[in-house]
Amino acid sequence: MNVLILGGGVVGVTSAYYLARAGHQVTVLERQPGAGLETSFANAGQVSPGYAAPWAAPGIPVKALKWLMMRHRPLVLWPRLEPRLYGWLTRMLANCTEEAYRRNKGRMVRLAEYSRDVLRDLRTETGIAYDHREKGTLQLFRTQKQLDHVGDDTRVLDAYGVPYTVLDPAGCIAAEPALAAVPDVFVGGLRLPGDETGDAHLFTQRLAAICEGLGVTFRYGTAIARLHHAGDRVTAVETADGELLRAEAYVAALGSYTPALLRPLGIALPVYPVKGYSLTLPIADAAAAPVSTVMDETYKVAITRLGDRIRVGGTAELAGFSSALRLPRRETLARSVQDLFPAGGDLSRAAFWTGLRPMTPDGTPIVGGTRVANLFTNTGHGTLGWTMACGSGRLLADLVSGRAPEIASDDLALDRYAA
């Protein structure tokens, strides 16, 4: 069938790839001049199913209050008269129970593990290269208290069969040799060997080129104004220029901007933009740079090797759709990488970036059909869009094609919020 995909980030482009592979005629609409130029552009670079977990967890309300008081705080909340924000926060707090955490974690790990496996298959099929490495993630603990609570994480990992190793300082240095220069900064770590790294923007651009070879049409510089609908079906997409584009099926993959597009159809997506920041700096000394990804548990900052660059990503800022680059957020990222890899990169040449992560209150993306028969969503991946992109795209293609997905998917669709 003819399928219109709305959004050309990593989620939209992976959806296009799998739909084209399934035999559909696919067109992607993207307002930017190329693929992967918004939230997919400079994220932390992790493909981390081992780290897939909802932010809504037992104890998070108390931790959040502490984070808000830190100088280099990982969480920032700008006071706003915005009912959607406070409604979203209320739903998130309702998910901070043991039962909800186990349920949501299970959904996320299922999709994230599947997505990593599907990504590996895609690499084999296409030969795509994107500065990827398969060297795991090291969650680094600066304090004994953090290390003492590692059992909170490993019990969950055990429950879902995710491999891991708890490391002492010597083990951390064996995994990331450059940490030998700062042995007094950390007390131990948790290594997740199944995780990967890679440049999401490079992947998205190169996969878009592969999609074009499969017959996918990309219409860049095309902003979407609204959806037209009649009864229980979308009948057209109207562009900002007034052009009407028609298809048999429509996929909304616009990240944080998806709710506004679907709201006039009576579809309420509980997705809110959570702003993240990153620094990208050239490597100054390869031996002093990270091998893979190091997650600084204190500041919730990920430091990742991407080819000849270091990507430093983190912060959760609730500030609506603001794209302002705020200097205090840069200072937090710089503090983390300077502490752990002081000679690894050239901070004076770092590029500072921000993007809006589309977050759901339960942490799980919204992938599947809607109450409108020919409209599907693939959004709400939060900080795990890169991790879950290939699995979500493959799952979405199966659903649009009327095929049974390879993993359970009923609890990933929007109607889980009506339960």
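# Strand pairs, cores and salt bridges

Mentor: Start with Val251: its bridge partner in β20 is Phe376. The model is predicted.

Trainee: What makes β13 and β20 count as paired strands?

Mentor: At least two bridges are needed between two strands. β13 and strand β20 (residues 375-379) have 3 bridges in the parallel sense, so the pair meets that requirement.

Trainee: Which sheet holds β13 and β20?

Mentor: An open sheet of 6 strands holds them, in the order β9-β2-β1-β13-β20-β19, and its pairing is mixed. From one strand to the next, the twist averages 15°.

Trainee: What makes β9 and β19 the edge strands?

Mentor: β9 (217-220) and β19 (366-369) each pair on one side only.

Trainee: Which helix lies across β1, β2, β9, β13 and β20?

Mentor: That is α1, which runs at about 170° to β1. Angles run from 0 to 180 degrees between N-to-C directions.

Trainee: Where is Gln25, and what does Gln25 contact?

Mentor: Gln25 belongs to strand β2, residues 25-30. With neighbours within four places in sequence left aside, Gln25 is in contact with Met1, Asn2 and Val3. To count as a contact, heavy atoms must lie within 4.5 Å. As for Leu192, 167 residues from Gln25 along the chain, the two C-alpha atoms are separated by 39 Å.

Trainee: How do you know how β10 and β11 pair, parallel or antiparallel?

Mentor: β10 and strand β11 (residues 233-239) pair over 6 bridges in the antiparallel sense. The requirement is at least two bridges, so they count as a pair. Leu227 stands opposite Val237 in β11. In general, strands of a sheet pair through backbone hydrogen bonds, in either a parallel or an antiparallel way.

Trainee: Why do β10 and β12 stand at the edges of their sheet?

Mentor: The open sheet has 3 strands in the order β10-β11-β12, with antiparallel pairing. β10 (224-230) and β12 (244-245) each have a single partner strand, so one side of each is left without a neighbour in the sheet.

Trainee: Why is Thr239 called buried?

Mentor: Buried means under 20% relative accessible area. Thr239 has 2%, so it is buried. Thr239 is in strand β11.

Trainee: What makes a group of residues a nonpolar core?

Mentor: The residues must be buried, of nonpolar kinds such as Leu and Phe, and joined through side-chain atoms within 4.5 Å. The largest such core has 47 residues, and Leu19 and Phe203 have the most contacts inside it. Two or more residues come from each of β1 (2-6), α1 (10-21), β2, α4 (98-126), α8 (200-213), β13 (249-252) and α11 (385-401). Another core lies apart from it, with 25 residues, including Cys172 and Tyr277.

Trainee: Which residues does Phe203 touch?

Mentor: Not counting residues up to four places away in sequence, Phe203 touches Val10, Thr14, Leu119, Leu122, Ile128, Tyr130, Trp386 and Cys390.

Trainee: Why is the pair Arg21 and Glu125 called a salt bridge?

Mentor: A side-chain nitrogen of Lys or Arg has to be within 4 Å of a carboxyl oxygen of Asp or Glu. The closest N and O atoms of Arg21 and Glu125 are 3.0 Å apart, so the pair qualifies. Arg21 lies in helix α1 and Glu125 in helix α4, so the pair ties together parts that are 104 residues apart in sequence.

Trainee: Why do Arg21 and Glu125 count as partly exposed?

Mentor: Partly exposed covers what is between buried, under 20%, and exposed, over 50%. Arg21 is at 47% relative accessibility and Glu125 is at 45%, so both are partly exposed.

Trainee: What is the case for Glu297 and Lys300?

Mentor: Their closest N and O atoms are 2.5 Å apart, so they form a salt bridge by the 4 Å cut-off. Glu297, at 16% relative accessibility, is buried, whereas Lys300, at 27%, is partly exposed.

Trainee: How far apart are Asp339 and Arg335 in helix α10?

Mentor: They are 4 residues apart in helix α10 (residues 327-340), about one helical turn. Asp339 and Arg335 form a salt bridge, with the closest N and O atoms 3.0 Å apart.

Trainee: How many salt bridges does the whole structure have?

Mentor: The search finds 29. Salt bridges also link Arg107, Arg110, Asp362, Asp411 and Arg416 in a network.

Technical notes
Residues numbered from 1 in each chain as written. Predicted model: local features only at pLDDT ≥ 70, side-chain atom pairs only at ≥ 80, totals over all residues. Heavy atoms only, no water. Buried < 20%, exposed > 50% of the residue type's maximum accessible area, 1.4 Å probe, protein only.
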